[in-house]
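Q: Could you take me through this structure one feature at a time, giving the general idea and then the case at hand?

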Amino acid sequence: MVAAISCKETSLEQENHDRLAIESTNITLTEGETASVKLSYSKFDRGIYVELDYDFNVNQHHLRFTSSDESVAVVSDEGMIQAVGIGAAKITATADVKVDGYVNVTVDATEEIEYKFTGDIANTKLTSNNIVLPLGISHAVMQGFDMDRHGNIYISWEEDDGMHVRKFVGGKPVGEDMLLPTCGHGDCFCVEQDKNECYFWTVGSLGEPNGGFSGGLATDSAVRLTCRFKFDPGTVKYPEDAEECYYYNANGCRECEIDQEHDIVALWGYNGSDLCKIYKLSDLKKASKITKKVTRKFNNGKEVSVYDLNSLTPVGSFNFQRKVICGTRVVDGKTQLHAIQGFTVYDGKVYFLAGYKNDPAATISVLDFSGKILQERTPVGLSADKDKLVSLNLSSNGTFEPEGMHIRKGVMYLGFVGDYTTAGAKKHSCILKIE
C-alpha cells in the first residue's frame, strides 16, 4: 500500500465498503502493443474513503480482469492489456466488491515496417550498451536462444541427456523448464510467434535420447525430424508430441531458422556435403504427408505423420564448403574444421557464426540464397576485446565461445559463453547485440 492521496467524507446513503472502478475508455492498439487499465481504489476506513493504490500482490478483494475475446486482446492479473489479433474486445473486472467501468479495445493490424540489418559486424566495439541479457554463472552451457516479439527470451541447453528450454522475462527465469529428451544438444533452436502463443523449432529424434544431433553427423539410423513445439513449461515432450514435424532427409536437419518478418525458414543439413535449403514459411504445410515410426523403447512403433519437404520447391538451395565458411584450426598437430556455432537467415541472406572459445574472435560468413559468398569469415568485433570482456564480467579470463545467432527487426543478437574459474563456477552466458 502507498500513503493516502486524498480523503473525502461519506454520506449516510453511501455503502460502507471499499470501492473499485476502472476508468472507462476506448483505446486503439496495433498487434503486439500493450496498455494498462487505469484502476481507482477507495478504501473505507472509519467513516471516510481513502484513495490508495491497489496492492495486486495481496489482492485483498480477489480482483480479476477478463477480456471478452482473448483472440483480440488478453489482460494480465495486474491489468496489463496486450493486443493479440485484429478486432474488438471489452476488458472488465470482477471482485468481492462492485467494480464499475470497462475498457473497449480495438486492435488494428501492425504497421508493416521493412527492417534491414545494417550493423557493422567487424567494427562494433563492446560496451555495456551491447549487453542484452547477462545470464551470469550457469550450471549448464547455453547452446541456443531466441526471443518472442514481446522481448521475452528463451534459452536452450543440454542436461542429463535431454534438451531444456527456459523462459526469461526482464532478465529473470520464469516458470519451469520444458524438457525434450530426444532433441539433442540444444543448439538447433529458434522461436516463432503466433498471435500470443510462442512456438519453437528444433531437431528431434525418433530414436533413443541423445539421438537428436544438430552439430555433427548422425551416428545411428534413427529418423530425425524438424519439429515445431508449442512452449509449454513444466512438460516433457517428444518429437511425436510436436504440433508439426518435417522430414528433411535421412540425416535430418542440423539447424533450422525462422525469419518470420520475411516469411522464410532455412534449414542446414547434410547430403554428402553441407547443404542449406530455404523455403517460404507459409508453404510448409502445403507439403505432402508421409509416415515415420518411433524406434526407441518409449512409444516404440508409434507412427508419426510428417510433412515431406522434398515435395516442395525451395526458394533457395546450395551446398557449401565448411572450410571456406568457418575456417580451420590445428589441434595436436591435426587440422580440424571450425564448428558452426550459429545459423540465421534474414532478408535474403544466410549467416553462419563460427569459432571456439580461445579464438581471437568469432567469425561470421554471409551468403545469398544461391550460395554466393557476400562476406567470408568476418571477425566479430564484440568478441575480440578480451580485456573488455573481463571488465564487463562476461568472462573471467577472456575466453568467449559463440553459442547462437539471430536477427530480429534489423538487430543481430549473438550468444556467447565465457569460462569462469572461481568458486567452482564454470560458465557465464550472455547475449549481445549489433545494430
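Q: Is Cys-430 buried or exposed?
A: Cys-430 is buried, since its relative accessible area is 0%, where buried means under 20%, exposed over 50% and partly exposed in between, with a 1.4 Å probe and protein chains only. This is a predicted model, in which local features need pLDDT of at least 70 and side-chain atom pairs count only at pLDDT 80 or more, while totals for chains, interfaces and linings use all residues. Residues are numbered from 1 along each chain as its sequence is written, and side-chain values use heavy atoms, with hydrogens and water left out.

Q: How many disulfides does a search of the whole structure find?
A: A disulfide is a pair of cysteine sulfur atoms within 2.5 Å, and the search finds 0 of them. Cys-198 is in no disulfide, the nearest cysteine sulfur being that of Cys-190, 10 Å away. Cys-198 is also buried, with a relative accessible area of 7%.

Q: Why is the pair of Tyr-246 and Tyr-307 described as it is?
A: A pair of aromatic rings is described by the distance of the centres and the angle of the planes. Rings of Phe, Tyr and Trp (its six-membered ring) pair if their centres lie within 6.5 Å, and planes under 30 degrees apart count as stacked, over 60 as edge-to-face and the rest as tilted. The structure holds 15 aromatic pairs; in the pair of Tyr-246 and Tyr-307 the centres are 5.2 Å apart and the planes at 20 degrees, so the rings are stacked. This pair links distant parts of the chain, 61 residues apart, with Tyr-246 in strand E21 (residues 244-247) and Tyr-307 in strand E26 (residues 303-308), strands being DSSP runs of E of at least two residues, numbered from the N terminus. Both Tyr-246 and Tyr-307 are buried.

Q: Which charged end sits over the ring of Tyr-307?
A: A charge sits over a ring if NZ of Lys or CZ of Arg is within 6 Å of the ring centre and within 35 degrees of the ring normal. Here the charged end is that of Lys-289, 4.5 Å from the centre of the Tyr-307 ring, and Lys-90 lies over the face of Tyr-102, at 4.7 Å from the ring centre.

Q: Which residues touch the most other members of the largest nonpolar core?
A: A nonpolar core is a set of buried Ala, Val, Leu, Ile, Met, Phe, Trp, Tyr and Cys residues joined through side-chain atoms within 4.5 Å. In the largest, of 25 residues, they are Ile-81, Val-103 and Val-105. Apart from this core lies another, of 22 residues, including Tyr-346 and Leu-382.

Notes:
Helix = DSSP H or I, 4+ residues; strand = E, 2+ residues; numbered from the N terminus.
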